[in-house]
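Try each task before reading its solution.

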Amino acid sequence: MIYTYISLLFCETGHQNNMKLFLKVNPSGELPVYRQLVQQIKNAIGSSIIKPGDQLPSHRDLASELVIAPMTVKKAYDILQLESLIIMGSGKGTFVSEQAQKISETSKFIRIQEKINQLVIEALTLNIPLK
């Protein structure tokens with residue numbers, strides 16, 4: 001049986017309205033849950049759903065909302081912090097970093113290039129001529 005958890009989170013912003021962030025995790029999915037979170041948060045940053053300075057929920061609050069272990073969210077947040085997309089301050093909260101938008105733009109191009117490379121390899125494997 002596959003369980004999918006969906007959460008609608010309200011992140012604190014400097015804007016007039018708090019924005020909504022939809023996160024969906026599938027514990028039986030192909031990717032580990034922490035990677036699903038990393039990918040979705042990166043996508044939210046890349047599409048400007050969340051912006052630099054926006055506060056994300058604490059890892060405990062997010063874990064509670066998604067019905068997953070707090071360490072799973074902590075692992076995702078640690079990866080995002082290592083990639084300089086978020087800043088975690090002990091007792092201060094977790095925020096989208098100021099350089100997140102720039103990093104996100106670069107990673108978009110890298111991700112597209114990786115997909116193009118995969119398609120080219122598949123086309124060559126299937127003996128499809130490249131023109």
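**Exercise 1.** In which loop is Ser 97 found? Work out its surroundings too.

*Solution.* Start with the ground rules: this is a predicted model, where local features need pLDDT of at least 70, side-chain atom pairs count only at pLDDT 80 or more, and totals for chains, interfaces and linings use all residues. Residues are numbered from 1 along each chain as its sequence is written, and side-chain values use heavy atoms, with hydrogens and water left out.

Step 1: Ser 97 sits in the loop between β5 (93-96) and α4 (100-125). Helices (H or I, at least four residues) and strands (E, at least two) are DSSP runs, numbered from the N terminus.

Step 2: Ser 97 has a relative accessible area of 2%, so it is buried. Buried means under 20% relative accessible area, exposed over 50%, and partly exposed in between (1.4 Å probe, protein chains only).

Step 3: leaving out residues up to four places away in sequence, Ser 97 touches Pro 52, Ser 84, Leu 85, Ile 86 and Ile 87. Contact means heavy atoms within 4.5 Å.

**Exercise 2.** Find the order of the strands in the open sheet of 3 strands.

*Solution.* Step 1: the order is β3-β5-β4, with antiparallel pairing. β3 (55-56) and β4 (86-89) are at the edges with a single partner strand each, so one side of each lacks a neighbour in the sheet. Two strands pair if DSSP finds at least two bridges between them.

Step 1: β4 and β5 are joined over 4 bridges. Ile 86, which is also touched by Ser 97, has Val 96 in β5 as its bridge partner.

**Exercise 3.** Is helix α1 largely enclosed or open?

*Solution.* Step 1: α1 covers residues 33-46 and reaches 20 Å from its first C-alpha to its last, close to the 20 Å expected. The expected span is 1.5 Å times one less than the number of residues.

Step 1: 10 of its 14 residues are buried, so α1 is largely enclosed by the rest of the structure. Among them are Tyr 34, Leu 37, Ile 41 and Ile 45.

Step 2: just past the helix, Ser 48 takes a positive phi of about 60 degrees.
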